[in-house]
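Here is a friendly walk through one protein chain. Have the sequence and the 3D view open as you read.

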Amino acid sequence: MSESEWTKILGWPGYRVYRSEINEGAKTLRLWVRRKRGNRKLECSGCGRKSNEIAEVYEREVRDLPWSEYRTTVVIELYRVRCPDCGIKAEKVALLPSKAPFSKRFEEAVGQACESAPVRRVARQFGLAASTVRAIDLRYLERWARERRRPALRQMGVDEIYLGKKQKFLTVVTNLETGEPLWFGRERKKETLDEFFEKHLSAF
Ligand SMILES: [Zn+2]
């Protein structure tokens, strides 16, 4: 297979495959990638500033989605940039969202699997330790929460739900425009709402 065919199937935007290694016995595939010509806009991972000053070239190997039965890892050529504000820093690469040895889409596949299966089963499916799956899932959820745009809170409603004799009431704060519940508090006292205003309102 030619380099351009490897590159097409891998589908990492801005990167091309320049070397590949198949191990039929171990059922592993290893691909080496570097930036395509014309994809040289480097960004400091510390502050996001654009930078052209390369301080160092290095490699990282990350697990990516499997190709058929082959477990696949990608060795990616990366740069450290000289940033006027942060000093020497790794470049920011969207495909690598954390320092862990996984690509973004691999972490997404694991995170999505966790939505419908217990951690231990996901760990077996991907050949990972359960603790690794938990860490990936947490990062996946954090990214999801960060990317999710929250509608502005302009009108707030406060309601109460009667839970029965034992637990009595629950206070619910909702966004009146979207109908989305924002917060739940125990009981229906003044202190319940005070807690919302003091500790939680700023989050909205
Ligand atoms: Zn910087």
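Into which domains is the protein chain divided? The division gives domain 1 (1-96), domain 2 (100-148) and domain 3 (156-203). Please keep in mind that this is a predicted model.

Let's begin with strand β1, which covers residues 15-23. Its partner is strand β2 (residues 28-35), and the two run antiparallel with eight bridges between them.

A second hairpin is built from β5 and β6, with two residues between the strands. In the turn, S68 has a positive phi of about 50°. Strand β5 spans residues 54-67 and strand β6 spans residues 70-83; their antiparallel pairing extends over 11 bridges. Here D64 has T72 of β6 as its bridge partner.

How do β2 and β6 pair, parallel or antiparallel? The sense is parallel, over six bridges.

## A closer look at Y15

Y15 belongs to strand β1. Is Y15 buried or exposed? Y15 counts as buried because it has 20 C-beta neighbours inside 10 Å, and 20 or more is what the term requires.

Leaving out residues up to four places away in sequence, Y15 touches V33, R34, R35 and K36. K89 lies 74 residues from Y15 along the chain, and their C-alpha atoms are separated by 20 Å.

## Where domains 1 and 2 meet

The C-alpha centres of domain 1 and domain 2 are 21 Å apart. Nine residues from domain 1 and seven residues from domain 2 take part in the contact. Which element gives the largest share of the side of domain 1 that touches domain 2? That is β5, with five residues. By class, this side of domain 1 has six nonpolar and three charged residues, and no polar ones.

## A helix pair: α2 and α3

Next, turn to helix α2 (residues 104-114) and helix α3 (residues 119-126). They pack at an angle of about 145°, and their axes are 9 Å apart. Is the crossing of α2 and α3 left-handed or right-handed? It is right-handed.

On the α2 side, the contact is made by V110, A113 and C114, while α3 brings V119, V122, Q125 and F126. The residues of this contact divide into six nonpolar and one polar, with no charged residue.

## The open sheet and its helix

Our last stop is an open sheet of three strands, in the order β8-β9-β10, with antiparallel pairing. Its edge strands are β8 (156-162) and β10 (181-186), each of which pairs on one side only. From one strand to the next, the twist averages 25°.

Strand β9 (residues 169-175) is joined to β10 by five bridges, and these two strands run antiparallel. Within that pairing, V172 has F184 of β10 as its bridge partner.

Which helix lies across β8, β9 and β10? Helix α5 (residues 190-200) does, and it runs at about 130° to β10.

Conventions:
Residues are numbered from 1 along each chain as its sequence is written. This is a predicted model: local features need pLDDT of at least 70, side-chain atom pairs count only at pLDDT 80 or more; totals for chains, interfaces and linings use all residues. Two strands pair if DSSP finds at least two bridges between them. Helices (H or I, at least four residues) and strands (E, at least two) are DSSP runs, numbered from the N terminus. Axes are lines fitted to C-alpha atoms, for helices over the stretch in contact, and angles run from 0 to 180 degrees between N-to-C directions. Two residues are in contact if their C-beta atoms, placed from the backbone, lie within 7 Å. Domain bounds come from an automatic or database domain assignment. Ala, Val, Leu, Ile, Met, Phe, Trp, Tyr, Cys and Pro count as nonpolar, Asp, Glu, Lys and Arg as charged, and the others, Gly among them, as polar. A residue is buried if 20 or more other C-beta atoms lie within 10 Å of its own, exposed if 12 or fewer, and partly exposed in between; C-beta atoms are placed from the backbone. A crossing is left-handed if the near helix is turned anticlockwise from the far one by less than a right angle, and right-handed if clockwise.
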